[in-house]
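Please look through the structure below.

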Amino acid sequence: MTPSPAPSSSTPAQPRSELGSAPTGPALDDRPAGEPAGHSPDGSASSATTASPSADGPHRPRRPHRPRRPRGSGLPHLMLVPWALVVLVPLVWILASSLKTNEEIYNDPFGLPGELRLGVYVDAWQQANIGAFFTNTVVVVSGGVVLTMLLSVMTAYVMARYPFPGSRVLYWLYLAGMTFPVFLAIVPLVRIVQGLGLFATNLGLVLVYAAFSLPFSIFFLTGFFRTLPKELAEAAFLDGAGHFGVFFRIMLPLARPGLISIGVFNVLGQWNQFLLPQVLNPQQDEERSNFVLSQGLAALALGENYETSPTSMAQLFAGLIISMLPVLVVYVLFQRQVQEGLSAGALK
């Protein structure tokens, strides 16, 4: 008995491309025209899509969050106010007193001058001999600062870049000079200056000023030269530069902020020096023509025959203003370089 043939299907065979397709049901793309993607037919949002913009309008980017200033952050600025008053009030009082007469100074010391008497400055420069005092101070301080910078910068560079046996001992000896009291050196210093024939001379003051300014200058510049990159000096040596070329062309320009800083410090210190000229530069004539400003102003304030004119007291205040102006000008011009020089070592 032969088997009967298999019944043939009445439906056509499905193509191979449709095998494994998704089950039948409502298509995902079947949505009314104009309906945004990600919404189901019932109007609910799909979980696979992002939320639509709010009804209030388009989305606006949030402003960056600014950190709140801590409480009490303005207190340091408030503390500067009384400090500024402590500094400015005496300066304003000196300036106002320099334009008064002796009678106005005695009767109303804190009042304003009755009129603008600029001629007091001319009288102070000529009659009170402030011009001679100022010239002597400029000569002595210029020579002292130049000599101090020349010696200290070369010594500090060698100490920082070329260590040799005993260099540390020599460095500490320089630092010991910073702790030596000037008062203990007065008597031997006078004997030495007299022995050299430089007593009561500008050259003697220049040498002594430089000697007492060297320890701090060497200490400051040695630390500054140590912060400078050694690779630049090594590259200059490879290019054929000598030691002097590297020093003057490479290292000195790099050390400019430090040089300006220590130069300003030396100008301030030597300009206001009082003890050394008082001991080493005694009066040589009746006009005190060899005095520096600190000596001359002290002599004017303590002189027996000082009040010789109606504006003699005002001339003293005018001399104070004249003596302060160069210091203020130097600091205002170089304050940025001084700040860079002081912070260069810490930043590196």
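Helices (H or I, at least four residues) and strands (E, at least two) are taken as DSSP runs and numbered from the N terminus. The model is predicted, so local features need pLDDT of at least 70 and side-chain atom pairs count only at pLDDT 80 or more, while totals for chains, interfaces and linings use all residues. Residues are numbered from 1 along each chain as its sequence is written, and side-chain values use heavy atoms, with hydrogens and water left out.

The protein has 13 helices and 0 strands. Read from the N terminus, the order of elements is α-α-α-α-α-α-α-α-α-α-α-α-α. Of the 348 residues, 33% count as buried. Here buried means under 20% relative accessible area, exposed means over 50%, and partly exposed lies in between (1.4 Å probe, protein chains only).

Two kinds of space come next. On a 1 Å grid over the protein atoms alone, a cavity is a set of points where a 1.4 Å probe fits but cannot get out. A pocket is an open set with protein on both sides within 12 Å along at least five of seven lines, and lining residues have an atom within 4 Å of a point. Grid points are joined across faces, edges and corners, and a volume is the space filled by probe spheres set on the points.

Searching the whole structure gives 1 cavity of 30 Å³ or more. The largest cavity has a volume of about 30 Å³. Its lining is made up of T137, V140, V141, Y209, Q270, W271, Q273, V292 and S294. Helices α4 (130-161) and α10 (256-271) each supply at least two residues of this lining, and α4 gives the most, with 3 residues. For the classes, Ala, Val, Leu, Ile, Met, Phe, Trp, Tyr, Cys and Pro count as nonpolar, Asp, Glu, Lys and Arg as charged, and the others, Gly among them, as polar. The lining of the largest cavity then has 5 nonpolar, 4 polar and no charged residues.

The second largest pocket holds about 380 Å³ of space. It is lined by 17 residues, of which A185, L189, V208, A211 and F212 are the closest to its centre. Helices α6 (186-195) and α7 (202-226) are the elements that give two or more residues to the lining of this pocket. The largest share, 7 residues, comes from α7. By class, the lining of the second largest pocket divides into 15 nonpolar, 2 polar and no charged residues.

On the surface, L80, W83, V86, V87, L88, L91 and V92 form a nonpolar patch with about 680 Å² of accessible area together. Patches are made of residues with over 30% relative accessible area and no salt bridge; like charges are joined within 9 Å, and nonpolar side chains (Val, Leu, Ile, Met, Phe, Trp, Tyr) within 5 Å. The areas come from the Shrake-Rupley method with a 1.4 Å probe, and for residues only the protein chains shown count as cover. L91 is partly exposed, at a relative accessible area of 32%.

Side chains of opposite charge can pair when their charged atoms come close. A salt bridge is a side-chain nitrogen of Lys or Arg within 4 Å of a carboxyl oxygen of Asp or Glu. How many salt bridges does a search of the whole structure find? There are 2 salt bridges. In one of them, the side chains of R117 and E104 meet at 3.1 Å, N to O. This pair links distant parts of the chain, 13 residues apart: R117 is in the loop between α2 (102-107) and α3 (119-126), and E104 is in helix α2. R117 is buried, with a relative accessible area of 17%, whereas E104 is partly exposed at 22%. R117 also meets E115 in a salt bridge of 3.5 Å, N to O. Through shared partners, salt bridges join E104, E115 and R117 into one network.

N129, in the loop between α3 and α4, has a positive phi of about 65° although it is not a glycine. N129 is buried, with a relative accessible area of 19%. A200, in the loop between α6 and α7, has a positive phi of about 60° and is not a glycine either. A200 is buried, with a relative accessible area of 17%.
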